[in-house]
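Load the model and set up a view that lets you pick residues by chain. The stops below go from one selection to the next.

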Amino acid sequence: MTCPKCDGGTQVLTSLDQPTITLVGPPNVGKSSLFNQLTKARAKTANVTGTTVEIDRGKLRFKSRTTPGAALHVNVIDLPGTYSLTPVSQDEQISVAHIKSCDGLLLLVIDAAALAGGLYLLGLIGQWQSNVVVVLSKNDTLKNPVDPATLQDLLGIPVFDVNCRIGREKNSGLDKLKAYLATAVSPEKAISPAHFTGPLSPATKCQSQDHDATDLHEPTAHCETDLTQADAVFGWAGDIIAALGEPPLVKSDISDRLDRFLLKPYIGLPVFFALLWGMFGLATSVAAPLMTWADKFVNGPVASGVSTVLGWLHLADGPFEAFLLDGVLAGVATVCAFVPLMALIFLAIKILEDSGFMARFAFLADRIMRRFGLDGRAVLPIIVAFGCNLPALGATKTLPNAQQRLLTGLVIPLTSCPARLTVFTLLATVFFPQNAGLVVFGMYLLSALLVVLVAWILHLTYFRNVGEQRLIIVLPPYQLPLVRNVLTSVGLRVKQFLRGVTVIIVGVLSVVWLLLAIPTTSGHSFGEVPVSDSVYGQISQGVAPVFEPAGFGDWRFASSLITGFVAKEVAVGALAQGYAVSEPEDITQPEELGVQMQATLERTSGGHPEAAALAFMVFVLIYTPCLATLAQQWRTIGGRWTSIALVAQLALAWGLAVAVFQAVRLW
Amino acid sequence: MKLAQMSRGQSGKILGIELEPASHLRLMELGFRHSSILKVVEAPRFAGKVITLSGQRFALDSKTASCIEVTTDLSATDVN
């Protein structure tokens, strides 16, 4: 395995010049909640370079003991959960590499109800690190809570009982932990070590090089000797648990009774689907007016404010003002408009995760999804994608490993979002007035078929191992999500989204504005030119012949597709702009625009406008959903795969559009 | 018998895991060790098993459940 300290590909973990506390532990033990409590949610999330693995970094602040009024800052890193030091996923691989090589203090969070697993991890870590402190979480869920003092005596390192869920409240145990960490930070900013000696003899750091951290394929556990070692470490953990007295007993809770119903597929699946549709339906309907408001706010008061300031600077009424308002601010408005939707979808996802529903749903859906190479958990982002592709890509974070995230991230743009619906409705109303509903439904059906088909083909080719992985999920108890934890997580995700996409969206929209502003014929000035005489219009005319085999080789349709690349919502507006007619108020009554479109496709399709309209809709369905999605895809699965996906979608869109046109024309 | 053959409410003792080393190790790390006692709490049709083991609840697909050898005789000492 590549060590993060030795590998430039994992710089996110190593560019730290201050003392570092690293949170480690198995998944779902409350690590992230503790991280939020320690850092007060002032965290930065970044992908480890070349991977889809995300690492949260924050700072813990202490008052200096030597310099009054000064503060000491300690870096806090939250690593992905891992059960052992034999990684089976890229996420675990990153964690294990860091555990083996890092300096500073390891804060190992272990679930009191699953003490053996936590102690097992501690025993393995002891081979590589001695500076370890144990945080015992979920002790309150036991009938016979573990005594941290006894465990501390047995292990010889500090043990803190912290209720990570209630965090900052009194009696959570967090204060004691923070007090210890404060005293552990010396004036020289080095963390004084705790000395853990585990059951295994120490290993030499930074010596294993058996896997590249940036390799897409998941690593596999391959050492049979690990089984013998695991047995020895579990034996040691068993001795510790025996010395603690009676084994931990979990309080019976409502989970038993709920699971009796919800884990029956014929009850559970409909309930979970209804829950998903309800939550995401609610999120999108609540988001719609907020999105409109955000857009109007940026284009209204904010734009006016910018104009006023430019007036003071004597820069108003010129190309610079137009560029700033119609290019840069338009990009800012697009980003701001998406924020409420992203926040609400992230909120719904977090509630599903924290309540324990997500793991059950994944289990029930797994059998179906696995046939297409997808994990049961992929159901969630795919359903979200039919509402909007953008948060769906964010939701792939819930998937258990890098390959699953990548595969799902590649098929999500094929789901038909409501933005595409405006184009479908316009075309269907104009060209299939008697069967408009059926045609639009057909597009959604085609979208679902493409998701399944493309996932299946990818599963049979590049992602052969994905569907073969075994399903072993720890089902957490049902619980009410904590408002603070949920809001903190949503805030972090939204910040992450803004950081990831703002520059790309604002940049591209500014470039589009420039292309629209530059005239290519005489008689027009910069910024005051009809589309047809702008660089943008020329590019559209250059692209149009590409679509001749699909029956819509006209520059206005090409221009609409190029604009649709930025956002499908404005594709209809671009068509209207191309024909120099008003954009219809009611998309089902296009009138002048409809007449013009019919005339154009009649000409370009050789008398088969319906076939050309269908081909155009198919192209709109398949090619890049929008710039914001592309930016999010870039952030989620990286530039290389986003570029591959972009080209593949364009090729598939063109190929199917041509096939549909030629087939329908003959028929 | 295999875990996949157990019914809801039955308890069993793990006798062995017939999986390749990587999956075997992962199950072991999750607490699926020789002589550990598990209980099938749900056995949904077409969807594997849900069990409790060492205070935790796990969902396993049928394929994995059919690789875990168990006995319902909790007093059994060693079969391997």
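**Stop 1: across the interface**

Select A:Asp259 and B:Arg57: they form a salt bridge, with the closest N and O atoms 2.6 Å apart. Here a salt bridge is a side-chain nitrogen of Lys or Arg within 4 Å of a carboxyl oxygen of Asp or Glu. Between chain B and chain A the count is 3 salt bridges.

Before moving on, note the ground rules. This is a predicted model, in which local features need pLDDT of at least 70 and side-chain atom pairs count only at pLDDT 80 or more, while totals for chains, interfaces and linings use all residues. Residues are numbered from 1 along each chain as its sequence is written, chains are lettered from A and ligands numbered from 1 in the order in which they are written, and side-chain values use heavy atoms, with hydrogens and water left out.

**Stop 2: the whole contact**

In contact (heavy atoms within 4.5 Å) are 35 residues of chain B and 38 residues of chain A. The two chains bury about 3100 Å² between them, 60% of it on carbon and sulfur atoms. Buried area is the accessible area (1.4 Å probe) that two parts lose on being put together, summed over both. Color B:Arg26, B:Glu29 and B:Arg57: they supply 22% of the area that chain B buries against chain A, more than any other three residues.

**Stop 3**

Which side chains meet B:Arg26 in a salt bridge at 2.9 Å, N to O? Pick B:Glu29. Both residues lie in helix α1 of chain B, 3 residues apart, about one turn of the helix. Helices (H or I, at least four residues) and strands (E, at least two) are DSSP runs, numbered from the N terminus. B:Glu29 is buried at 2% relative accessible area, and B:Arg26 is buried at 11%. Buried means under 20%, exposed over 50%, partly exposed in between (1.4 Å probe, protein chains only).

**Stop 4: paired strands**

Show cartoons. Strand β8 of chain A (residues 472–474) runs antiparallel to β4(B), joined by 3 bridges. Two strands pair if DSSP finds at least two bridges between them. Click A:Ile472; the bridge partner in β4(B) is B:Leu60.

**Stop 5: within chain B**

Select B:Lys2. B:Lys2 forms a salt bridge with B:Glu69, closest N and O atoms 2.9 Å apart. That pair links distant parts of the chain, 67 residues apart. B:Glu69 is partly exposed at 22%. B:Lys2 also forms a salt bridge with B:Glu18, at 2.8 Å.
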